Amino acid sequence: MRHGSQIDPPNRFAKTQHIPDADLLDWDDEFLRSQTNRQIEYLPDQSRSIISENQSPDVPFRYSLNPYRGCIHGCAYCYARPGHEYLGFSAGLDFETKIVVKHDAPQLLKEFLAKPDWKAEQIAFSGVTDCYQPAEREFQLTRQCLQVALECRQPVGIVTKNALVIRDLDLLSQMAALNLVHVFVSITTLDPALARDLEPRTSIPHARLRAIRLLSEAGVPVGVMTAPVIPGLNDSELPAVLQAASAAGAKSAGYILLRLPLSVEPVFQEWLQRCRPSFADKVLNRIRETRSGQLSSGDFGTRMRGTGQIADQIQSLFQLFRRKHGLDQSLPAQDHTQFRPPISPNGQQFLF
């Protein structure tokens with residue numbers, strides 16, 4: 001099984017760290033293979049809420065829903081990796097193989113939407129991990145949450161790297177007819193080999209472009225996220241990605257510049273040295289040039305775009321080709337006026 005990470009960086013909250021003694025283990029091929037070729041574990045989540053509220057001015061939504069914690073996609077750069085440390089796991093291989101499943105997500109969403117003070121505004125699916133990651137094939141929690149949203153006429157936004165989103169075209173097309181949904185498909189590269197190394201269990205680039213086309217043909221407002229842009233690795237692909245997405249039917253585009261917060265840094269650096277060693281120095285140096293000499297920056301206002309000459313060049317390149325391909329527009333406004341609270345099985349509204 002392919003993984004984006006081959007390491008388990010230390011959990012920053014753990015009081016003790018376990019470090020294998022390589023001298024004692026280097027002869028044990030079976031054990032070593034088991035450490036970097038792990039099977040997926042699904043762990044039940046007992047949370048009593050499903051909606052998170054965002055306070056960051058850099059993020060274009062206030063509320064988000066995530067049916068899963070951890071992500072099988074295994075993207076080496078994923079900013080969500082440090083969140084797994086709150087669960088006692090690592091941000092490396094644990095993040096990709098220990099998937100926490102919120103089985104009660106659809107019911108919890110109903111309960112949230114039934115709150116008397118809820119004023120309908122967009123809820124983002126995949127505010128952290130991808131709601132269409134491979135676990136969704138088995139559990140179908142995203143689909144069930146979409147069914148709740150459609151029933152309640154609740155507007156949603158979706159960002160995904162997985163063509164599995166097309167499975168729910170029946171629901172998405174109904175929601176689109178009511179102006180209740182936006183979908184952004186994330187495309188980091190058009191190079192299948194790079195995508196397979198960098199994002200080992202996401203859909204291949206061609207499948208994501210096909211998803212954009214099928215969504216567009218079904219009347220679903222769809223855009224493309226060219227994220228993350230990695231200086232020195234995939235930034236030169238921006239014109240081609242935007243052209244291909246536009247040709248497939250995307251109507252809007254956005255991008256985010258790579259940053260490597262906390263335990264994302266050792267995971268990405270290990271991946272870079274293992275999978276693209278000839279690019280390693282150039283990529284890391286260029287990231288530092290966009291982050292004031294560091295590999296990450298959390299400053300509001302600049303953390304998504306970076307600063308300095310290279311960051312400015314990337315932004316100019318993106319804006320130029322976004323305009324050229326007609327992607328410099330917002331998706332149609334969603335209709336929040338149709339919202340209706342959920343009804344319980346006995347025909348009554350939920351009471352709290």
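**Exercise 1. Describe the surroundings of S203.**

Step 1. Not counting residues up to four places away in sequence, S203 touches K161, N162, A163 and R208, where contact means heavy atoms within 4.5 Å. This is a predicted model, in which local features need pLDDT of at least 70, side-chain atom pairs count only at pLDDT 80 or more, and totals for chains, interfaces and linings use all residues. Residues are numbered from 1 along each chain as its sequence is written, and side-chain values use heavy atoms, with hydrogens and water left out.

Step 2. S203 is located in the loop between α8 (192-198) and α9. Helices (H or I, at least four residues) and strands (E, at least two) are DSSP runs, numbered from the N terminus.

Step 3. S203 counts as buried because its relative accessibility is 12%. Buried means under 20% relative accessible area, exposed over 50%, and partly exposed in between (1.4 Å probe, protein chains only).

Step 4. The side chain of S203 makes a polar contact with the side chain of N162 at 3.2 Å, and it reaches the backbone nitrogen of A163 at 2.8 Å. A polar contact is a pair of N or O atoms within 3.5 Å; within protein, one must be able to donate a hydrogen and the other to accept it, and residues adjacent in sequence count only if both atoms are side-chain atoms.

**Exercise 2. Determine how T290 is placed in the model.**

Step 1. T290 belongs to helix α12 and counts as buried, at 1% relative accessibility.

Step 2. Leaving aside neighbours within four places in sequence, T290 is in contact with P231, L257, G306, T307, I310 and A311.

Step 3. A polar atom of the T290 side chain lies 2.7 Å from the backbone oxygen of I287.

Step 4. T290 and G308 are 18 residues apart in sequence, yet their C-alpha atoms are 5.5 Å apart in space.

**Exercise 3. Show which face of helix α7 is buried, and what covers it.**

Step 1. In helix α7 (residues 169-177), the buried residues are L169, L171, L172, M175 and A176.

Step 2. Seen down the axis of α7, these buried residues fall within an arc of 160°, so they line one face of the helix. The arc is that of the directions from the helix axis to the C-beta atoms.

Step 3. The cover over the buried residues of α7 includes α6 (141-152), β7 (156-160), β8 (181-186) and α9 (205-217).

Step 4. Just after α7, N179 takes a positive phi of about 60°.

**Exercise 4. Trace the strand pairings.**

Step 1. Strands of a sheet pair through backbone hydrogen bonds, either parallel or antiparallel. Two strands pair if DSSP finds at least two bridges between them.

Step 2. An open sheet of 3 strands has the order β1-β5-β4, with mixed pairing. Its edge strands are β1 (41-44) and β4 (68-69), each of which pairs on one side only.

Step 3. β1 and strand β5 (residues 98-101) pair in the parallel sense over 4 bridges, and L43 stands opposite V100 in β5.

Step 4. β9 and β10 run parallel, joined by 4 bridges. The bridge partner of V224 in β10 is A253. Of the 5 residues of β10, 4 are buried.

Step 5. β9, helix α10 (residues 238-248) and β10 make a right-handed β-α-β unit. A crossover is right-handed if, with the strands pointing away from the viewer, the path from the first strand over the helix to the second runs clockwise.
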